[in-house]
Amino acid sequence: MKKEIISSLFVLSMLSVGLGAANAPTPEELKAMHTITHSHVHTHVYNSHDHEHPPGLVIEEVNSSNSNKSVASTSVQKIIPVAKFNAEKTTASGDHDYKIAPKKVADGVWCMFGALEKPTKENAGFMSNSCYIQTKDSWVLWDTGATFKFAKQAYEAMNKIVPNLPVKTVIFSHEHDDHWLGANYYKERFNSKFIGSHLINERYKPGREAETRMFKVLKPHDVDKTKIIRIDQAYNHKGAKFNFGGVEMEYIPLGQAHSEDDYMLYMPKKKVLLAADVVMNGRITSNRDGLVSGQIKALKKVKSLKWDVLVPGHGYITDKTAADESILYFKLLKERILKAIDDGVDAADITSVVTLPEFKDKAMYDILNSGNVYRSYGELEMYDEDEDEE
Ligand SMILES: [Zn+2]
Ligand SMILES: [Zn+2]
């Protein structure tokens, strides 16, 4: 399945490039190309049991290993790693064109879904998800993405959907820079209030942008104007309840789970949970700054809340199954490492003994999985079963 999708996406990207147009091909154009290139293609409608596709999509895919290709419908481009498809495209002003197509996930909530990969020059930092929440008099934004230029294009895309609404408040999920480094756009344009983890203020200093991952990886032109911000209302392992313009929100602290200070944003009336990086799907998480025990606890909290829509920090599945991959990943990680420790496996051998093959087709597996296993071994060596029972 995974290979087929990759091949679909690859072909789509080739087609986009081949068209040389700023806009995605129309369904008619795709169909025309499709008839030229396709071999064994069937139409596939996404359902909640199929974790490879973004929700609500109709995708045509190859069902043979034949080299002649398939074509996905244009709706794929609205959600999937657009930046990747349009690596060479620029806006009229010569900037990377992020091709942001916000997707409405619930009443008054739109999200932007980034690529399932690490930051690259090709995706220009669009590899995490962020969401706009409409209130009576303004937007509340959940995470801003990684660059000033991304933030600007995101706002412009939203402004086409609901014009002239200022972003008064930005709430951040955690300190990783793919989720907040673009925020200074909102400060400069709207003087937005920033709510987030104290770790952003402690670990990132204005003027030292060059030390961030984004500045190290992306093209200088793409991080131009991007500046480290200050959190105005900082939280430290403690949450809050907000009501912004009639929309109730709970900023839920999760302690150290994926990062050292994680939060989710829950809107009980809308039954929407913006879970950020404690939930990912379609790709492997990075547990570099996290804890297996903290993740398992956070995922228990996710399960305990009533939601119909869950938006992960990375990934496209937002239905009832959105958290399933993460729940399974940490369950297996813990069980298998504990068993290996019982069996006397050394730290040096743990990554060859525990490989989580169930996840080998997920994005980032090769880059992140063994690191997660190795780090978790260190944590679970000290594991005391009583700790979990609270
Ligand atoms: Zn993160
Ligand atoms: Zn992230």
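Tutor: Leaving aside neighbours within four places in sequence, A275 is in contact with M264, V302, L310, V311, P312 and G313. Contact here means C-beta atoms, placed from the backbone, within 7 Å. The model is predicted, so local features need pLDDT of at least 70 and side-chain atom pairs count only at pLDDT 80 or more, while totals for chains, interfaces and linings use all residues. Residues are numbered from 1 along each chain as its sequence is written, and chains are lettered from A and ligands numbered from 1 in the order in which they are written.

Student: How many residues of strand 12 are buried?

Tutor: Buried means 20 or more other C-beta atoms within 10 Å of a residue's own, exposed 12 or fewer, and partly exposed in between, with C-beta atoms placed from the backbone. Strands (E, at least two residues) and helices (H or I, at least four) are DSSP runs, numbered from the N terminus. In strand 12, D262, M264 and Y266 are buried on one side and Y263, L265 and M267 on the other. The strand is largely enclosed by the rest of the structure, because the buried count is 6 of the 6.

Student: Which residue of strand 13 is the bridge partner of Y266?

Tutor: Strands pair if DSSP finds at least two bridges between them. Strand 12 and strand 13 run antiparallel, joined by 3 bridges, and form a hairpin with 4 residues between them. The partner of Y266 is L273.

Student: Within what arc do the buried residues of helix 11 fall?

Tutor: In helix 11, E325, S326, Y329, F330, L333 and I337 are buried, whereas E335, K339 and D342 on the other side are exposed. The arc is taken from the directions from the helix axis to the C-beta atoms. The buried residues line one face of the helix, because seen down its axis they fall within 125°.

Note on methods:
Contact = placed C-beta atoms within 7 Å.
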